[in-house]
Amino acid sequence: METVALFPFAETWWVYGVFVLFVLGMLALDLGVFHRKAHAVGFREAAAWSVVWVFVAMCVGAVLWLWSSARFAVDERLLAVPGFLPDAAARQVFLEYLTGYVVEKALSVDNIFVFVVLFNFFGVPAAYQHRVLYWGILGALVFRAIFIALGALLLQFHWVMYVFGAFLVVTGIKIIFGPDKPVDPADNVVLKALKRWIPLTHDLHGPHLFARENGRLLGTPLLLALVFIEVSDVVFAIDSVPAIFAITREPLIVFTSNICAILGLRALFFLLAGAVGKFHLLKYGLGLVLVFVGLKMAWLNEAFGGKFPIAWSLGIIAALLAASIGLSLAIPPREDAKPG
């Protein structure tokens, strides 16, 4: 079962298409109906949308489980594999999806801190932040699809698993022991390049990314914030995509879990933006999660006969995150660690 693809792209390409259409439909409904008028998203609204996006993600996982069960039961190629059980395999698919979703959701907290810095630096009003993040999500869809396709291609070579695993372990150790580096957009090569290539204005023009001044088309601060958000997502994807491939080798599970987690990122931002500093110990939990999934990819899977139990993985990851969040709330940050 470990060496047989459960969802060959040649047979399941249409599932990707249906899922992307569903995501685009949800985003169109979000911006075109519920957030048609730009406004500052409050805590209560953000909490409600967070629940909605988690519910949507669980529905996607449930559909994937049910569809997998039906598909596996009639797939002669899989049924010919000794010991293959359709119902057990479908349950495994759901647990891998859920674990990937939890990992991506947790790693998204780092994005939130960066978003806070970017919006403050570029002076993006609260009323327009949702719109910027909306377009950021669309860009993330494209970039994540590219990263996942490349990851699936590279993982056809067995040695790549050791490279990815070692990369995740090293990244996790750096997060745990490395100093916190403040984000400084003013000294960023991307900003310098944009100023050189695109005429910019420091003035806001409502929710627009571009505006005309004296007949010239100029980029607004919202465009700058959007570009930085896309760049930061690419940087974070370098960690998160391999982390989910450490959970499962199936690109369909990686893609759906990753995108569903990103869909709820905007609501999570508005929910936690004002309190992100309270989770000062979360970075240690995230670092340990990356170390664990790196070891899982490079060593634990083979040590456990090809597949480390997914239920154990989910339990370990959830415990690490819960402990770091709980300790953050129970232990106040040191005075010299507080920003200011």
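1. In this predicted model, the largest nonpolar core comprises 71 residues, and those with the most contacts inside it are Phe-72, Ile-259, Val-293 and Ile-317. Helix H4 supplies the largest share of this core, namely twelve residues. Apart from it lies another core, made up of 25 residues, among them Leu-222, Phe-228, Ile-229 and Leu-268.

2. The packing of H4 with H9 deserves a separate point. Helix H4 (residues 86-122) and helix H9 (residues 251-263) pack at an angle of about 40°, and their axes are 8 Å apart; H4 is therefore oblique to H9. The crossing of these two helices, H4 and H9, is right-handed. On the H4 side the contact is made by Val-93, Glu-96, Tyr-97, Gly-100, Tyr-101, Glu-104 and Lys-105, while H9 contributes Ile-253, Thr-256, Ser-257, Asn-258, Cys-260, Ala-261 and Ile-262. Sorted by class, the contact of H4 with H9 contains seven nonpolar, four polar and three charged residues.

3. Helix H10 (residues 265-272) is mostly covered, with seven of its eight residues buried. These buried residues of H10 are Leu-265, Arg-266, Ala-267, Leu-268, Phe-269, Phe-270 and Leu-272. Their cover includes helix H1 (9-34), helix H2 (43-74), H4, helix H5 (126-154) and H9.

4. Leu-271, which has its place in helix H10, is partly exposed, because its relative accessible area is 21% and the cut-off for buried is under 20%. Leaving aside neighbours within four places in sequence, Leu-271 is in contact with Phe-43, Ala-46, Ala-47 and Ser-50. The C-alpha atoms of Leu-271 and Arg-44 are separated by 8.2 Å, although these residues are 227 residues apart along the chain.

5. His-130, found in helix H5, has a relative accessibility of 7% and therefore counts as buried. With neighbours within four places in sequence left aside, the contacts of His-130 are Asp-30, Leu-31, His-35, Val-41, Arg-266 and Phe-270.

Note on methods
Residues are numbered from 1 along each chain as its sequence is written. This is a predicted model: local features need pLDDT of at least 70, side-chain atom pairs count only at pLDDT 80 or more; totals for chains, interfaces and linings use all residues. Side-chain values use heavy atoms; hydrogens and water are left out. Axes are lines fitted to C-alpha atoms, for helices over the stretch in contact, and angles run from 0 to 180 degrees between N-to-C directions. Helices (H or I, at least four residues) and strands (E, at least two) are DSSP runs, numbered from the N terminus. Angles under 35 degrees count as roughly parallel, over 145 as roughly antiparallel, 65 to 115 as roughly perpendicular and the rest as oblique. A crossing is left-handed if the near helix is turned anticlockwise from the far one by less than a right angle, and right-handed if clockwise. Contact means heavy atoms within 4.5 Å. Ala, Val, Leu, Ile, Met, Phe, Trp, Tyr, Cys and Pro count as nonpolar, Asp, Glu, Lys and Arg as charged, and the others, Gly among them, as polar. Buried means under 20% relative accessible area, exposed over 50%, partly exposed in between (1.4 Å probe, protein chains only). A nonpolar core is a set of buried Ala, Val, Leu, Ile, Met, Phe, Trp, Tyr and Cys residues joined through side-chain atoms within 4.5 Å.
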